[in-house]
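Here is a friendly note to read alongside the model.

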Amino acid sequence: MHEAPPYQLLADMVLSLHVAVVAFVIGGLVLILAGNLLLWRWVNALWFRLAHLAAISIVVAESLFGVLCPLTSLESSLRAKAPENTYAGSFIEHCLQSILYYEAPTWVFTVAYSLFGLAVAATWWYFPPRRNRRDTETEA
């Protein structure tokens, strides 16, 4: 007998990844600001700064063009395929969705994401990234 794929578990994994991406975007900016004030040169590594800029740029672009986040779409699709639970959703789903999803008009999110993106862009001007390891070691 063939067992059905664990859609609830897969959806929880996608949701966990989504929360991790959000934590990287928000936490990355905090690390860049705090790290520069505390002289942690690694926060200006080009690979880190590019990954951070790319992440928020994708979020802002999705918002401006009205594109639903692919992680949200995938999670929703997996949850729709999950068998009915005895209660609504899983514990992980309940906890993580309360962190990630809010009710507000679309324009509120577009403005918030755009302002956050501008803050990330401003860090490139105030605290420019370093091109290679030697640049960060010589300034430490």
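1. What volume does the largest pocket have? Its volume is about 990 Å³. Bear in mind that this is a predicted model, so every value below is computed from predicted coordinates.

2. Next, look at who sits around that space. The largest pocket is lined by 29 residues, and the closest to its centre are His 18, Val 59, Cys 69, Phe 109 and Tyr 113.

3. Which helices supply at least two residues each to the lining of the largest pocket? They are helix 1 (7-37), helix 2 (46-64), helix 3 (70-81), helix 4 (91-100) and helix 5 (106-126). By class, the lining has 22 nonpolar residues, six polar ones and one charged one.

4. Now turn to how the helices pack, starting with helix 2 and helix 5. Their axes come within 9 Å and cross at roughly 155°. Angles over 145 degrees count as roughly antiparallel, so helix 2 is roughly antiparallel to helix 5. The crossing of this pair is left-handed.

5. On the helix 2 side you will find, among others, Leu 46, Arg 49, Leu 53, Ile 56 and Val 59. The helix 5 side includes Phe 109, Tyr 113, Phe 116, Gly 117 and Trp 124. Sorted by class, this contact has twelve nonpolar, six polar and one charged residues.

6. How far apart are the axes of helix 1 and helix 3? They lie 8 Å apart, and the two helices pack at an angle of about 160°. Helix 1 and helix 3 are therefore roughly antiparallel to each other, and their crossing is left-handed.

7. In the contact of helix 1 with helix 3, residues of helix 1 including Tyr 7, Leu 10, Asp 12, Val 14 and His 18 meet residues of helix 3, among them Leu 71, Leu 74, Glu 75, Leu 78 and Arg 79. The classes here are ten nonpolar, three polar and four charged.

8. Finally, compare helix 1 with helix 5. These pack at an angle of about 35°, with axes 11 Å apart, and helix 1 passes helix 5 in a left-handed crossing. Val 25, Ile 26, Leu 29, Ile 32 and Leu 33 of helix 1 make the contact with Phe 116, Ala 119, Val 120 and Thr 123 of helix 5. Of these residues, eight are nonpolar, one is polar and none is charged.

Conventions:
Residues numbered from 1 in each chain as written. Predicted model: local features only at pLDDT ≥ 70, side-chain atom pairs only at ≥ 80, totals over all residues. Heavy atoms only, no water. 1 Å grid on protein atoms, 1.4 Å probe; cavity = no way out; pocket = protein on both sides within 12 Å on 5 of 7 lines; lining within 4 Å. Points joined across faces, edges and corners; volume = space filled by probe spheres on them. Helix = DSSP H or I, 4+ residues; strand = E, 2+ residues; numbered from the N terminus. Nonpolar A, V, L, I, M, F, W, Y, C, P; charged D, E, K, R; others polar. Axes fitted to C-alpha atoms, helices over the stretch in contact; angles between N-to-C directions. Parallel < 35°, antiparallel > 145°, perpendicular 65-115°, else oblique. Left-handed = near helix turned anticlockwise from the far one by under 90°. Contact = heavy atoms within 4.5 Å.
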